[in-house]
Structure formats: structure tokens, C-alpha cells
Amino acid sequence: MLPIQVIIVLFALFTLTRVVRRFHEREISLGGFLAWTAFWTGVGVLVLAPVATKWLARLLGVGRGADAVFYVTLVALCYFCFRLQLKTRDLEHQITQLVRRLAIERMSDR
Amino acid sequence: MSLRSNSAGEDEKPNGASRREEDRQQGLFVIVPAYNEELSVGEVVRKIKRKVPNVVVVDDGSTDGTGRVASDAGAIVLTHLINRGQGAALKTGMDFSLARGAEIIVTFDGDGQHDVEDIQALVAPVREEGFDAALGSRFLRDDNRVPPVRKRTLKLGVLFTRIVSRIRVTDTHNGLRAFSRRAALRLRMNEDRMAHASEILDEIARLRLRYREVPTRVLYSPYSLRKGQRSTAALRIAYDFLVGKLRKD
């Protein structure tokens with residue numbers, strides 16, 4: 001096994017323990033728990049058995065396994081960025097509601 | 001807080017007609033969102049106060065003396081502790097005005113680019129003819145000198161609005177508008193920043209509100225042009241609006 005494989009697998013295992021702990025502490029939902037578990041398990045499998053990427057490449061119609069992993073990762077990252085942006089929007093909106101309420105209440109108190 | 005204007009006949013006992021007019025004016029609120037507008041907001045407020053008693057300035061987290069200048073000029077000043085954007089400021093002003101019993105709400109930019117004389121023209125369709133909204137349009141007057149780049153960007157905005165919101169207007173980002181109380185209560189305004197202008201039009205279409213466009217003047221000065229939106233912001237505005245619309249729908 002190559003050193004890089006050991007590092008990535010250890011990192012995936014470490015992250016999986018964090019995912020399990022967060023789920024127990026109810027900080028992530030069941031859906032989030034399953035998605036993250038599937039993701040990091042997939043990372044471990046692909047690193048330990050790179051041949052599995054060939055199956056993914058064939059499925060997607062891409063030449064090389066490494067390319068398939070690259071494209072899938074890119075799409076996943078874009079999706080996460082979008083999710084993060086929506087979350088930020090929600091937070092911004094909540095801040096605005098707070099600022100608005102303060103502005104109106106302070107005026108009404110005068 | 002003074003809600004009366006200083007008219008020449010203030011000391012005289014009002015007769016029935018002038019009392020009715022005064023009552024009507026009491027239900028009219030002009031909202032001025034302002035962010036670092038200490039150079040212009042005082043003059044804007046004083047001019048509006050000559051026509052309308054209730055002027056609400058929303059100081060949107062300014063770092064200059066905007067709030068103090070507006071207050072000295074006679075406005076009711078609501079203060080956002082941090083900057084939240086023009087859409088957020090308008091919504092704050094609208095919520096406050098509705099809570100104070102506003103029957104008609106006018107929105108008016110704080111940079112001095114609008115003409116106070118247009119307020120009455122905007123209010124008339126709502127008050128006299130039962131329209132839900134009156135929208136100012138700088139393109140319905142021939143004497144407005146809109147810089148070419150801005151004109152092209154705004155016309156693209158008109159096309160965008162026509163396609164996405166299915167509403168036919170001649171101007172999309174004009175800050176001069178009037179709403180009836182009923183309309184203001186129904187508008188869902190979630191866009192904090194500049195996409196609120198597109199959102200308002202989208203809401204008018206969604207709620208099938210009766211609206212009329214009213215020709216209004218626009219007074220571009222080096223100051224208002226500097227304070228205004230850059231044309232390059234149009235893409236960001238369109239993106240914000242579309243994301244917001246998808247989430248809302």
C-alpha cells in the first residue's frame with residue numbers, strides 16, 4: 001500500500017468517527033449522517049481499490065478512472081458551494097430580521 | 001416626533017375640506033432608505049416634508065452623520081445597526097409605517113435623484129383610482145437624460161423582467177413607487193440588497209396587483225451617479241433575484 005493511500009484512509013476513518021459522534025450529539029440529521037457516511041466510505045473504497053474507479057468511468061462514459069473521480073468531485077464541490085451559499089443567504093436574512101426588529105423597537109421605545 | 005407640516009395656514013382653524021386633506025396626508029408615509037447620504041438626505045427630507053408630514057428615513061448602518069442630518073431635517077429615523085442593503089431598509093420602513101397606520105406608502109431614494117413634485121402624481125392613481133401600486137418610470141419622459149450605459153443596462157433589466165416575471169414595465173430599478181396599504185401588506189420582500197427592485201415587480205405580477213406606471217423625473221448628478229449602482233452589478237442582481245425566486249416558489 002502506498003503512503004498516500006494510508007494517509008487518505010486514516011483521514012477518512014477519522015472523519016467517519018466525527019460524523020458518528022455528530023450524529024449521536026444530534027448535530028446532523030439522519031440524512032446528513034447517511035450522506036456523509038456514504039461519501040467517506042466511498043473515498044476509502046476508491047483509495048484502497050482504485051480499480052473500482054474504472055467501473056465508475058465506464059458507468060459515466062469517461063476514459064480513465066482518475067478522470068471520473070475528478071469530474072464527480074468537481075460536481076460535488078459545486079453542489080456543496082451552492083448549498084453553502086443558500087445557507088449563508090438564510091443566515092443573512094435572519095441577521096436582517098434581527099436588525100430590523102431592533103430598529104423598529106428602538107424607535108417605538110422613544 | 002412632529003408629524004405636521006408647516007403650511008402657511010397652520011394657525012388657522014382648519015375647515016372640513018382642509019381637515020379631510022390633512023387626515024389623508026396623515027395616512028401617507030414616504031420611506032427614504034439611506035446609506036452614507038449625509039450630503040443629500042437633509043435636503044431630500046426637507047423637500048418632502050413640505051408636501052408630506054410623515055417622512056421615514058431608514059439609516060442603513062451609515063458610518064457618517066446620515067441619521068443625525070435626517071433627524072434634524074424632521075424625519076422619523078429608524079437605524080439599522082449594521083448595513084443590510086436597500087431592500088432590507090425599505091422593508092424596515094414599510095413594516096414601521098404599516099404599524100403606524102399608513103394607508104399609502106411611497107419609496108424615495110435618499111441621494112436626491114428623485115423630484116418631490118412626482119410624489120403626488122404617484123399617489124393619485126392609488127388614492128383616487130384604486131390602483132394597488134404606482135411605479136415611477138424615467139423612460140416615460142423625454143426630458144430625462146439617462147447616461148447611455150445605464151440606459152442599456154436598464155433596458156436589459158426591462159427585458160429580463162418581462163421574460164422572468166412576465167410583467168410589462170418600461171423601467172425596472174426606479175426607486176420611486178407608491179403602494180396601497182393592502183398591497184404593502186401582501187408583498188413578500190426577502191431580497192435585502194439591490195435585487196429587491198426586481199422582486200417587487202415579481203411580486204406585483206404574482207399577486208396580480210393593479211399597477212400603473214407614472215412618468216417621473218430623474219435628476220442625475222455626479223453625486224447620485226457615484227452613489228448609484230454600477231452596470232456591472234446587474235449580473236449579481238439577476239443572480240440574487242433568480243436564486244431568491246427559486247427558493248420562494
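The questions and answers below concern a predicted model of a complex. Residues are numbered from 1 along each chain as its sequence is written, with chains lettered from A and ligands numbered from 1 in the order in which they are written. In this predicted model, local features need pLDDT of at least 70 and side-chain atom pairs count only at pLDDT 80 or more, while totals for chains, interfaces and linings use all residues.

Q: What is the mean pLDDT of chain B?
A: pLDDT is the predictor's confidence in each residue, from 0 to 100. Over residues 1-12 of chain B it stays under 50. In chain B, 93% of residues reach 70 or more, and the mean pLDDT is 90.

Q: In what order do the 7 strands of the open sheet in chain B stand?
A: Strands (E, at least two residues) and helices (H or I, at least four) are DSSP runs numbered from the N terminus, and two strands pair if DSSP finds at least two bridges between them. Strand E3 (76-80) and strand E7 (211-215) of chain B each have a single partner strand, so one side of each is left without a neighbour in the sheet. The pairing is mixed, and the order is E3-E2-E1-E4-E6-E5-E7.

Q: Do E1(B) and strand E2 of chain B run parallel or antiparallel?
A: Strand E2 covers residues 54-60 of chain B, and 6 bridges join E1(B) to it. B:Ile31 stands opposite B:Val56 in E2(B), and B:Ala34 has B:Asp59 as its bridge partner there. The two strands run parallel.

Q: In which sense do E5(B) and E6(B) pair?
A: B:Leu135 stands opposite B:Arg177 in E6(B). E6(B) is also joined to E4(B), by 4 bridges, with B:Ser180 as the bridge partner of B:Ile104. Over 3 bridges, E5(B) and E6(B) pair in the sense called antiparallel.

Q: How many residues of E2(B) are buried?
A: A residue is buried if 20 or more other C-beta atoms lie within 10 Å of its own, exposed if 12 or fewer, and partly exposed in between, with C-beta atoms placed from the backbone. B:Asn54, B:Val56, B:Val58 and B:Asp60 point one way from E2(B), and B:Val55, B:Val57 and B:Asp59 the other way. E2(B) is mostly covered, and the number buried is 7 of 7.

Q: Is B:Arg168 buried or exposed?
A: B:Arg168 lies in the loop between helix H6 (148-164) and E6 of chain B. Its C-alpha atom and that of B:Val30 are separated by 25 Å. With 10 other C-beta atoms within 10 Å, B:Arg168 is exposed.

Q: How many residues of chain B are in contact with chain A?
A: Two residues are in contact if their C-beta atoms, placed from the backbone, lie within 7 Å. The predictor gives the complex an ipTM of 0.86 and a pTM of 0.81. On the chain A side there are 10 residues in contact, and on the chain B side the number is 14.
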